[in-house]
Structures are given as C-alpha cells and as structure tokens.
There are 2 protein chains.
Amino acid sequence: MADAPARVVIVGGGFGGLFAARALCRTAVAITLIDRNNYHLFQPLLYQVATASLAPSEIAQPIRSILRRQANVRVVLGEVEAVDLDARAVRTSTGTSFGYDYLVLATGNRHAYFGHDDWEPLAPGLKSLEDAREIRRRFLLAYERAEVEPDPLRQAALTTSVVVGGGPTGVELAGSMIEIARHTIRRDFRNFDSCDTRVVLLEGGDRILPGYGEALSRKAAESLRRLGVEVRTGAVVTEVEEGGVWIGAERIAAANVFWAAGNVASPLTRGLGGDLDRHGRVAVAPDLSLPGRPEVFVLGDIALFPGEDGEPLPGVAPVAMQQARCAASNIRRLLAGTRTRAFRYRDKGSLATIGRSAAVARFGPVRLWGFPAWAAWLGVHIFFLIGFRNRLLVLIQWAWSYLTYQRGARIISRKEW
Amino acid sequence: MADAPARVVIVGGGFGGLFAARALCRTAVAITLIDRNNYHLFQPLLYQVATASLAPSEIAQPIRSILRRQANVRVVLGEVEAVDLDARAVRTSTGTSFGYDYLVLATGNRHAYFGHDDWEPLAPGLKSLEDAREIRRRFLLAYERAEVEPDPLRQAALTTSVVVGGGPTGVELAGSMIEIARHTIRRDFRNFDSCDTRVVLLEGGDRILPGYGEALSRKAAESLRRLGVEVRTGAVVTEVEEGGVWIGAERIAAANVFWAAGNVASPLTRGLGGDLDRHGRVAVAPDLSLPGRPEVFVLGDIALFPGEDGEPLPGVAPVAMQQARCAASNIRRLLAGTRTRAFRYRDKGSLATIGRSAAVARFGPVRLWGFPAWAAWLGVHIFFLIGFRNRLLVLIQWAWSYLTYQRGARIISRKEW
C-alpha cells in the first residue's frame, strides 16, 4: 500500500499562496488552500476599483476556478484564526481543524494607523474589495452631496479629497481621483465647477515614492501637479476628524480622507512565537522557514526578509511570487530528504502609474517616466492579470476610459448614505 | 423679462423616469430628476448579476452621465418620502423640499410577500443591485459550505436551491442557476458531484409563464426540465423556514430559497389618496394623470392602467417607456394650453430566457421558442442596454460565458458569511 501523500496547508490565496499551490502541481502532495475570500484579488489594480475604472469582478477570480485543473488541491473558504505549531494544525473561525505536514503562511497585510485606530472609520484604507467599494462610495457620494449643498464653504469641503501617504497606492489613488474630478464628471453636475475640485496628497517624508530614487520622485510629483493634484511633502497628519485633517496647526477641510500611509501584517503572525518587526512581519530563516520550524514557510507581505541592501524586501507581488516558488521547491527538497535552498530576490523593477498616461518605472539601472513608463505599466499589468477573460475586458475598459475619460463603474452602493 | 420655465419634478430614474426626462429634452422646462440611487438599472438583466454572469456596473449607468448633455435636467440623489399634492412639492428623507408645476411619479415596485413579511430574510427577492449581490452571495456560498460539509443530508440541502414563482424572473433565475450548478462549477469542487445539485422551481398556479400562452408555457417547462430544473406547478408555498420550504405537508430541504412570486408598488403611492389595487398600484386617468390632479402623472409599475383585454398592463420596461413618452407629451400639451391625450399601449411582444440557448418569445401572433427566441432575446437586450460601452462589454461577457460556461463575476462579497 502506498503511503498517503504529505499534507500541505496553504493559508492565503494572494500571489504568495496561489503561486505556492501552482508550483506544487506536479508534486505528490495533498494541498489544502484556505482563504477567507473565494477569490484571488489582483491587488495592484485595486485602486482602479476604488476610483470606478474597473468593476470588482474584473480584478477578482475565484480561486477554485483558477486551480480547477490541479487535482492535488482542494480550496476551502474559511478564516484561519490560529496555528498550533506543536500539533501541526490550523484552526478556522468555524472551528474546523486542518492538520498539515508542511504549512505555507501567506496571509498578507492590512493598512495600519500606528496607534490611531480611531482614524480608520474617518480615513478608510485600501486593501480589500470591500475597502475599494467603500472608497468609491464615499468619493462619488461627496460630489452628489456637493450638488445640493447651498453653503459654498461646505460645498468646497465636499469637493476636496485628501490622500494620506505618498507611496505607490497614494500616488495612484490621487492621480485617478483628480482625473475623475477634472474630466470624467465635468459636465455631470450643475451646481459646482469641476475645476474647483481639489485632491491633496500628503506625505510625511521629504518626497513621494521614496522607493524609486530622487529623480523619479521629482518626475512623479511634477506629473501629479500638472494633473492638478496638490502634492505636499513633509506634511505629517496629526489629527483626522469628521470633515477634515490637521497638519499641526493647519486644517484642511475635506469630506473625504483616504489612508495609504502604512501597513501591518495580518494578526496571525503574532501567534508564531518568532521575532516581529513594528509592521508585524516575522523574521524568517534564509530558506523562508520559521526559525526552529523547518516545516513552516512564511511568505510575502508577512515575511521579514532582508534584501541585498539590508533593507526588508517590500510587500509587492513579485517578492511574494518568487518566495512562493522557493518555498515550494524547499518543500520538494524536504520530501526528497535533501537540504533546502536559501531565497534570493531578483528585483525586476517597479512601476507606479500617475493618472491617464504618465507613470514612473525603474528596471534595474533603467529609469522611465511619462508615456513610455505608462505603456510599460499597461503591458506588465495586463500580462500578469490572472485569467484571460479579465485581461481582455480590462483592456477594453482601459481603452474606453482612455479615449473618453468615462468611468464604467460609477455605482454608489447603498448603505445609509 | 421671460417667465421662469415650468418646474417638472420626476421621481425615479428607471425606464419611466429616465424616458420622461429624455422626452422633454427640447421642452422649455426645468427638470429635477430624483432617484435614491445614482444609477439607472437595466432591470431585465438583473438576474444575470444574481447568477454571476454580469458585474453590477455592467447593467448600471450613472443617471447624470446618461443625461449629461441635456441642459434642462438636474439630477438629485435622494429618497422621496412624501408628496404634498396641495402644496405641489415633494420632500426627501434629508428634509429637502422640491416644488413642482408638473410631477411625474415613476418609483417602481418591490417584491412582496403578501402577508408573510417574515419570509423576506429567509427568501430574498430580486429588485435592486443589492438584492442581486445578496442572492449571488448566498447561492455561491452554499456550494462553498457543501464542500466542507461531512454530513450527506446537510450537504444535499446545501446544494439545493428553491426558486418560488414561475414568472419570467423565476424562470430566468432557475435556468441560470442550474447552468452554474451543472456546468460552470463542474470541476471546481472535490467533495460533491455537481450532477447531484438541485434547482427546484415552484409555481402556485397551473403553469409557468402564464402571460405567454399555454403552448409557450409548455415549451418553457420542457426546456427547463431538459436543463435539469425540477419544475413543479400547483405548488403553493405554505411556510418558509431556515433551511427549507413547506408545500402543505411536504418539506423541501434547501439552503437557499429565492423569492420571485410577487410585487408591490413603492410605498409612495399610499400618500396619493387615489384608489390602490392589492399590488399598491394607483388607478390613473386615461391620460396617465392622477384623478383630480391633472399636473401629476403616474407611470410604469406603480400605475394601474387597463390594457385592451381589460387586465392591468404588466410591470415591464416597454409599458413604462411608452407611458413616459405619453406623459411628456401631455405636459407639453398642458403647457401649450391644449387637451391631453389618452395613453394607448402598443404591445410589441415579450421575451423570457431559459438558460444557455433557449427562450420563449411572443411578438403579436408570432410565437418563438428555443434558439430563435434566444437569439431574438439577445438582440433586443443588447439593443436596449443603455450606454454603448456596456453593450459591448456585455456582449463579450455573454460570448465568453456561452463558449466556456464560465461565469465572470463569481465573487462572494464578505459579510459575516
């Protein structure tokens, strides 16, 4: 009688978890992939849902549909609440327990308010589809309210949006939002002039996109300003309240404040007993295993792994995907009784887009900006978008938005408004 | 000095309200269109959102974007709570009042449980995008639960869906659902066989699609049965409970029950002082005005207007659209001081679809079924879908679903699941 195959449990269906499952497709293991959503989310385009360019389903694909042909995987919808490292089992919120021989943790991160959790309802962040829908709802609803607001001061606040955080997400959000305000809705409203709408991008450090080098930071700020975004660096938010933010003694009246200023690893990392940094990331061994637990691998946003410059690797999709392949290969090595390999990140570059046809890009020594960077961004994102159908639809949506300035998904979901 | 233009207030941005606004585009009036959503919903395709074929934004278009070029309209997001017929004003839930010289009421209807309002949370109906998202969530979630359910009886209930009501909505829902169950998810789950999934369509009367004539009713039932739907006529639901429905002494165990068995006019009709039928519809004068109030017009689902056979006209888009044009023309006649015209409905036919490539259609004396009816349905719906971009995207979505049996929008929105 053959032995039962080794059980691999993967927690998280993001880039890390999904690519780990795929990388094990020819390995004789029984994989259980657990995610609290039934879909894989193409997170790099999430801001486009928040700004009504794409519909949620265009950047989300059911995980079980992506993995349908891979017979050694079963997909479970569930929220993992605890990992019992000694018993080698994970437990979901419904009480179901899944035992493992090898465990891959790739649960990603959430936005963080660093001691100001009370700001969250006032300044929502952008990590999930629900977050994106909520940002879209608030952003579009403010203009609807401005249309019927007789008081000019209150109307000005309703047509002002503040984005906190000058990283890629903040830059992309601000760039998309000013486009909607200045172009998409231009003829839609009768009681305010869309040229008076404001989008303010606040960055606490001395430049936006700090990961891209000084020249590209400057180019990005120039591009944003040309679009109409007010870019302010050295602007540390000291208070967020209903209807505005404070930067020291200065107040900006704004109906909407959006948060793109920080991340923290999913709370599951706290139960692992390892060393955590202030972002909640777990320090992992060179082969990506949890120190002292060779059968547990930690990937992506929740793993603290030093890059070549000694700084932790950033929480981006390419890191998670490369780590997933390394962890899968190390599981195969352990199964074969050979030694595991250390992970090494090959940095292929980074890209951030700034509105309609500008972007900044860094590929090794090459730096691009403006339209060439934007074209590169378009190509890379369409290529990596999971599922052929979505790629095609997204391409059409983009072409349509680009040619007409129209936004396809301007739905305000009902809540209480 | 010229007189100020007459104020026309239109309540509702469905087919009735939107077409009334459009029909007044060359008239010297100041129109205010009020809707509680910022979008016009293409309701005939709502069941496709509920069954994950289309994304919400593909059948919804912002009302102000549709009317952006029509300078005599302003669009207001708001929920009208009361009509003061004597003061000639409507009041929204935020307390804002809009005075009118002419009023067009086209607020549509809701599903009705006829004395069993406690069934609503157990058996959701399908009228709004939120309803469609909720049905999609429940339907897809039940299969996720079935995948991890060890008890065979409970698993069988989780893979059974009951649709109550054999009108067009019920038929379209049941037909789409069996397709997902038998084809779309076929290879996605490991712990149950998609051939064992059940979709049961319950109709209290003696045949489904009673509005289509006996021959087409029979064809429709045959088509549904061939797809795998259990069609039961003369099956009056006597109780709905968590996990099942009762038909007299018989219980069908089903995780999901969906309601397509009745409608009632929006509650605004109750304040109009006119005669209401049991569906809450207002009896209107031949020119569509409210009896005794020549300046108030009532259209679409909430108007009780006898057809040529003496039966009330059905609550379908063509009725609302034709009534909108008639009401607009009567407003112009009143402005010009001439007599109003009586409304006459030109029945151009009806269509209902049954799954992948079958439908039934009635165009005057012509009756179609099977593929020709389905092709007619496709053409008519794409033609009438508002907004060119959506037409194109929906066509691609349909072609894709048709060729591959895949569903693009299989997202389970998070709630508590």
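Colleague: Let's start with one pair: in E7(A), which residue is the bridge partner of Ala82(A)?

Modeller: First, this is a predicted model, where local features need pLDDT of at least 70, side-chain atom pairs count only at pLDDT 80 or more, and totals for chains, interfaces and linings use all residues. Residues are numbered from 1 along each chain as its sequence is written, while chains are lettered from A and ligands numbered from 1 in the order in which they are written. Strands E6 (residues 80-84) and E7 (residues 89-92) of chain A run antiparallel and are joined by four bridges; strands (E, at least two residues) and helices (H or I, at least four) are DSSP runs, numbered from the N terminus, and a pair of strands needs at least two DSSP bridges. In E7(A), the partner of Ala82(A) is Arg91(A).

Colleague: Which residue takes a positive phi in the hairpin of E6(A) and E7(A)?

Modeller: There are four residues between these two strands. The one with a positive phi, near 55°, is Arg88(A).

Colleague: And E7(A) with E8(A): which residue takes the positive phi in that hairpin?

Modeller: E7(A) also runs antiparallel to strand E8 (residues 97-99) of chain A, over three bridges. One of the pairs there sets Val90(A) against Phe98(A). The hairpin has four residues between the strands, and the positive phi, near 90°, belongs to Gly95(A).

Colleague: In the open sheet of six strands in chain A, which are the edge strands?

Modeller: The order is E5-E2-E1-E9-E21-E20 (chain A), and the pairing is mixed. An edge strand pairs on one side only, and here that goes for E5 (73-77) and E20 (289-290) of chain A.

Colleague: Which helix packs on that sheet?

Modeller: Look at strands E9 (residues 102-105) and E21 (residues 293-298) of chain A, which pair in the parallel sense over three bridges, with Leu105(A) opposite Val298(A). The helix touches E9, E21 and strand E1 (6-11) of chain A, contact being C-beta atoms, placed from the backbone, within 7 Å. Its direction makes about 165° with that of E21(A); axes are lines fitted to C-alpha atoms, for helices over the stretch in contact, with angles from 0 to 180 degrees between N-to-C directions. The helix is H8 (residues 317-336) of chain A.

Colleague: Over in chain B, how many strands form the open sheet with parallel pairing?

Modeller: Its order is E13-E12-E11-E17 (chain B). E13 (230-232) and E17 (256-259) of chain B each have a single partner strand, so one side of each has no neighbour in the sheet. Neighbouring strands are turned by 15° on average, direction ignored. The strand count is four.

Colleague: Which residue of E13(B) is the bridge partner of Val200(B)?

Modeller: Strand E12 (residues 198-202) of chain B runs parallel to E13(B), and three bridges join them. In E13(B), the partner of Val200(B) is Glu230(B).

Colleague: Which helix lies across E11, E12 and E17 of chain B?

Modeller: This helix spans residues 168-184 and runs at about 170° to E12(B). That's H6 of chain B.

Colleague: At what angle do the axes of H6(B) and H7(B) cross?

Modeller: The axes of H6(B) and H7 (residues 214-227) of chain B come within 9 Å. The angle makes the two helices roughly parallel (under 35 degrees). Residues in the contact include Ile178(B) of H6(B) and Leu224(B) of H7(B). The crossing angle is roughly 20°.

Colleague: Back to the two chains: how many residues does chain B bring to the contact with chain A?

Modeller: Chain A brings 36 residues to this contact. On chain B's side, H10(B) gives the most, with five residues. By class, that side has 16 nonpolar (Ala, Val, Leu, Ile, Met, Phe, Trp, Tyr, Cys, Pro), 13 charged (Asp, Glu, Lys, Arg) and seven polar residues (the others, Gly among them). The number from chain B is 36.

Colleague: Last one: what kind of axis relates the chains?

Modeller: Chain B can be laid on chain A by a turn of 180° and a shift of 0.0 Å along the axis, with an RMSD of 0.0 Å, superposing by least squares on C-alpha atoms of residues with pLDDT of at least 70 in both. That relation is the one given by a two-fold axis.

Note on methods: Angles under 35 degrees count as roughly parallel, over 145 as roughly antiparallel, 65 to 115 as roughly perpendicular and the rest as oblique.
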